[in-house]
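Q: Could you walk me through a few features of this structure? I'd like to start with charged contacts.

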Amino acid sequence: MLEVAARSGSITSSEGKHPLPHEVMIEAGRLQKFWVEGGAQGLERSGYLFVDRDGDFFIPEDYERYCQEAVNEALATLYDPSDAQVMYEIQTYLAWTESQRLPAEEEQALLNNLPRPLVQWVRALGKSVVRVGIKRVTTVVLKACSSVVRVGSA
């Protein structure tokens with residue numbers, strides 16, 4: 001942990017002190033507004049380098065991935081819409097994902113510059129899915145690809 005703290009600039013050798021755990025680590029139970037406060041970037045802006053989830057330590061990016069997987073699992077299964085905590089998590093996550101989108105012009109530019117094999121694969125996938133009754137998959141897949149491109153270039 002100290003190595004990560006030193007690399008992040010939270011401590012420097014000239015300060016001659018080590019950070020206390022509570023200065024660079026936060027318990028997951030205290031993160032009710034994780035998505036509202038910017039996900040992993042919000043934790044890092046607040047100076048936190050680790051999240052303690054029941055004794056397992058995550059760097060902010062890994063904790064964000066963990067939370068994304070949990071929300072995606074909730075969305076993929078039947079969940080109780082009257083469960084306020086689940087609904088809050090889903091709503092704040094969806095709002096956060098919307099804030100991560102590229103402006104329409106940048107998104108379109110990325111879509112226009114996709115590698116030809118990927119475009120061909122997406123078209124073939126779209127045709128296959130349409131045959132089984134699901135429509136507009138090409139648009140969804142292309143948007144997912146643009147998100148991947150954005151994350152990869154960040």
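Q: What does Arg65 form a salt bridge with?

A: Arg65 pairs with Asp62, and their closest N and O atoms are 2.3 Å apart; a salt bridge here is a side-chain nitrogen of Lys or Arg within 4 Å of a carboxyl oxygen of Asp or Glu. This is a predicted model, in which local features need pLDDT of at least 70 and side-chain atom pairs count only at pLDDT 80 or more, while totals for chains, interfaces and linings use all residues. Residues are numbered from 1 along each chain as its sequence is written, and side-chain values use heavy atoms, with hydrogens and water left out.

Q: Where do Arg65 and Asp62 lie?

A: Both lie in helix H4, three residues apart, about one turn of the helix; helices (H or I, at least four residues) and strands (E, at least two) are DSSP runs, numbered from the N terminus.

Q: How many salt bridges are there in the whole structure?

A: The search finds three. Among them, Arg101 is joined to Glu107, with the closest N and O atoms 2.7 Å apart.

Q: Is Glu107 buried or exposed?

A: Glu107 is buried, because its relative accessible area is 11%, whereas Arg101 is partly exposed at 38%; buried means under 20% relative accessible area, exposed over 50%, and partly exposed in between (1.4 Å probe, protein chains only).

Q: And what about Asp54, which residue does it form a salt bridge with?

A: Asp54 pairs with Arg53, the closest N and O atoms being 4.0 Å apart. Asp54 is exposed, with a relative accessible area of 72%, and Arg53 is partly exposed at 28%.
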